[in-house]
Amino acid sequence: MDDSGIVGAGGQGASEESVMTVGAAVAQFLQQNRNKPFCDRCIGKRLGLKRHQKVRQATMPLESAPSFLSLRGYCFECGAFGKTTMAR
Ligand SMILES: [Zn+2]
């Protein structure tokens, strides 16, 4: 809850793929699904992101955020074992 990026002068452009912040969307999604670990793929799917590379970039800063956990485990959604991220 410190620097959440630069929100400029309210720009409501018609950006189809709003670069807004995938990070913010991911954080919000995880907070709505607290204590459930999700893999990057499922996060991307849930958020309707086509490139899950973006998700990876978005979850990386969360790994060091105190309210998020990054762990190896089973994804709540697909059950795949791997790197997951969750909000606590
Ligand atoms: Zn998954």
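Reader: Which residues have the most contacts inside the largest nonpolar core?
Author: Val26, Leu30, Phe38, Cys42, Ile43 and Val55, in a core of 13 residues. By nonpolar core I mean buried Ala, Val, Leu, Ile, Met, Phe, Trp, Tyr and Cys residues joined through C-beta atoms within 7 Å. Buried means 20 or more other C-beta atoms within 10 Å of the residue's own, exposed means 12 or fewer, and partly exposed is in between, with C-beta atoms placed from the backbone.

Reader: OK, and which element gives the largest share of this core?
Author: α1, with four residues. Helices (H or I, at least four residues) and strands (E, at least two) are DSSP runs, numbered from the N terminus.

Reader: Is this predicted or what?
Author: It's a predicted model, where local features need pLDDT of at least 70 and side-chain atom pairs count only at pLDDT 80 or more, while totals for chains, interfaces and linings use all residues. Residues are numbered from 1 along each chain as its sequence is written.

Reader: Back to Phe38, what stands opposite in β3?
Author: Thr85. β1 and β3 pair in the antiparallel sense over two bridges; pairing takes at least two bridges found by DSSP.

Reader: And how many bridges for β2 and β3?
Author: Seven, again antiparallel. Ser70 stands opposite Thr85 there. Six residues separate β2 and β3 in a hairpin, and Gly79 in the turn has a positive phi of about 80 degrees.

Reader: Switching topic: why does Thr21 count as partly exposed?
Author: Because Thr21 has 14 C-beta neighbours inside 10 Å. Thr21 sits in the segment before α1, and its C-alpha is 8.3 Å from that of Ala58, 37 residues apart in sequence.
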